[in-house]
Amino acid sequence: MFTFLFGLFLKFMIHLLFLIGISLNIFAFATRFVPTFNVYKLPANIVGCIALGFALYLQGQEDYKAKIAKQTTQLEAKLAQAQTESKKVNTQIETKFINQTKVIHEKGNDIIHEIQVESSKMDTDCKISPEVIDIHNKAALLSGDTK
Amino acid sequence: MKSLILFPPFLLLTACTTVVPVTTKFPEASQALRTACPQLDTVKKDDSKLSDMMTVVTKNYVKYHDCAAKVDAWNEWYKSQKQIFENATK
């Protein structure tokens with residue numbers, strides 16, 4: 001409410017200043033025809049120009065602020081929509097990943113079960129030497145660390 | 001003296017300086033994706049049976065596929081978030 005009233009007051013002041021500027025310039029022009037007021041020509045002209053310039057400055061600033069406020073509202077709305085969309089996509093990706101992980105673990109467990117079923121057959125036919133285990137472990141512990 | 005003519009338009013243009021008060025938040029990724037890939041299992045030296053080794057190898061494959069799914073999910077996340085960001089700031 002206060003902002004609205006202040007805005008209204010500012011608009012009124014800008015228009016008043018504009019009107020004063022124009023009036024003073026007209027008055028300065030009119031002094032040509034009325035020699036009595038000729039002494040006020042220069043001050044009226046200077047004050048009129050300053051008032052006009054200041055009114056234009058304030059009007060420009062108000063218009064620019066209004067334009068920026070409109071753009072800000074539009075951008076905020078777009079960003080809010082983007083955030084909602086982002087959360088939706090996040091949930092989709094998370095669900096897909098969790099499902100994939102579940103399937104991978106289930107299939108892995110099935111294979112481990114299969115190995116246990118076939119273990120007696122496997123273990124009698126093939127013996128693993130400690131060197132093979134060493135090589136396997138070396139490969140399993142590979143890392144990109146330079147330390 | 002002539003350059004003073006440029007001063008009033010410059011002064012008038014200073015009215016057009018406003019900071020746009022819009023801030024964007026970096027999108028949060030799912031907690032499930034933010035865990036590091038695990039270390040691979042090793043075979044115990046006393047377990048010289050093929051079945052034990054095969055079990056360890058299978059567990060490691062599971063870990064690999066798990067981690068690969070995570071990387072794919074991150075790539076998909078990045079691609080979709082980039083698309084959303086670009087559409088919002090067009």
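Predicted model: local features only at pLDDT ≥ 70, side-chain atom pairs only at ≥ 80, totals over all residues.

Biologist: What is the secondary structure of chain A?

Modeller: Three helices and zero strands. From the N terminus on, the order is α-α-α.

Biologist: And how many helices does chain B have?

Modeller: Chain B has two helices, with zero strands.

Biologist: How much of each chain counts as buried?

Modeller: In chain A, 9% of the 147 residues are buried. In chain B, buried residues make up 12% of 90.

Biologist: Start with α1(A). What is its reach from first C-alpha to last?

Modeller: Helix α1(A) spans residues 2-30 of chain A. Its 29 residues reach 41 Å from the first C-alpha to the last.

Biologist: How do α1(A) and α2(A) cross?

Modeller: Helix α2(A) covers residues 41-125 of chain A. The two axes come within 7 Å and cross at roughly 150°. That makes α1(A) roughly antiparallel to α2(A), because angles over 145 degrees count that way.

Biologist: Left-handed or right-handed?

Modeller: The crossing of α1(A) and α2(A) is left-handed.

Biologist: Which residues make that contact?

Modeller: From α1(A), they include A:Ile14, A:Leu17, A:Phe18, A:Gly21, A:Leu24 and A:Ala28. From α2(A), they include A:Ala44, A:Val47, A:Ala51, A:Phe54, A:Leu58 and A:Gln59. By class, the contact has 15 nonpolar, five polar and two charged residues.

Biologist: Which α1(A) residues are buried?

Modeller: A:Leu17, A:Gly21, A:Leu24 and A:Ala28. Helix α2 of chain A is part of what covers them.

Biologist: Why might positions with that sort of spacing go together?

Modeller: An α-helix has 3.6 residues a turn, so residues three or four places apart point the same way.

Biologist: Now A:Gln59. Where does A:Gln59 lie?

Modeller: In helix α2 of chain A. A:Gln59 is partly exposed, because 17 other C-beta atoms lie within 10 Å and the buried class needs 20 or more.

Biologist: How far apart are the C-alpha atoms of A:Gln59 and A:Ile14?

Modeller: They are separated by 6.6 Å. Along the chain, A:Gln59 and A:Ile14 are 45 residues apart.

Biologist: And A:Leu10?

Modeller: A:Leu10 is in helix α1 of chain A. A:Leu10 is partly exposed too, with 13 other C-beta atoms within 10 Å. The C-alpha atoms of A:Leu10 and A:Leu58 are separated by 8.9 Å, and the two residues are 48 apart along the chain.

Biologist: How does α2(B) sit against α2(A)?

Modeller: Their axes come within 9 Å and cross at roughly 170°. α2(A) and α2(B) are therefore roughly antiparallel to each other. The residues of that contact divide into 19 nonpolar, twelve polar and eight charged.

Biologist: What is the reach of α2(B)?

Modeller: α2(B) has 39 residues and reaches 57 Å from first C-alpha to last. That is close to the 57 Å expected at 1.5 Å a residue.

Biologist: Last one. Which residues of α2(B) are buried, and what covers them?

Modeller: The buried residues are B:Leu50, B:Ser51, B:Met53, B:Met54, B:Val56, B:Asn60, B:Val62, B:Ala73 and B:Trp77. Their cover includes α2 and α3 (130-140) of chain A.

Terms used:
Residues numbered from 1 in each chain as written. Chains lettered and ligands numbered in written order. Axes fitted to C-alpha atoms, helices over the stretch in contact; angles between N-to-C directions. Helix = DSSP H or I, 4+ residues; strand = E, 2+ residues; numbered from the N terminus. Parallel < 35°, antiparallel > 145°, perpendicular 65-115°, else oblique. Left-handed = near helix turned anticlockwise from the far one by under 90°. Contact = placed C-beta atoms within 7 Å. Nonpolar A, V, L, I, M, F, W, Y, C, P; charged D, E, K, R; others polar. Expected span 1.5 Å × (residues − 1).
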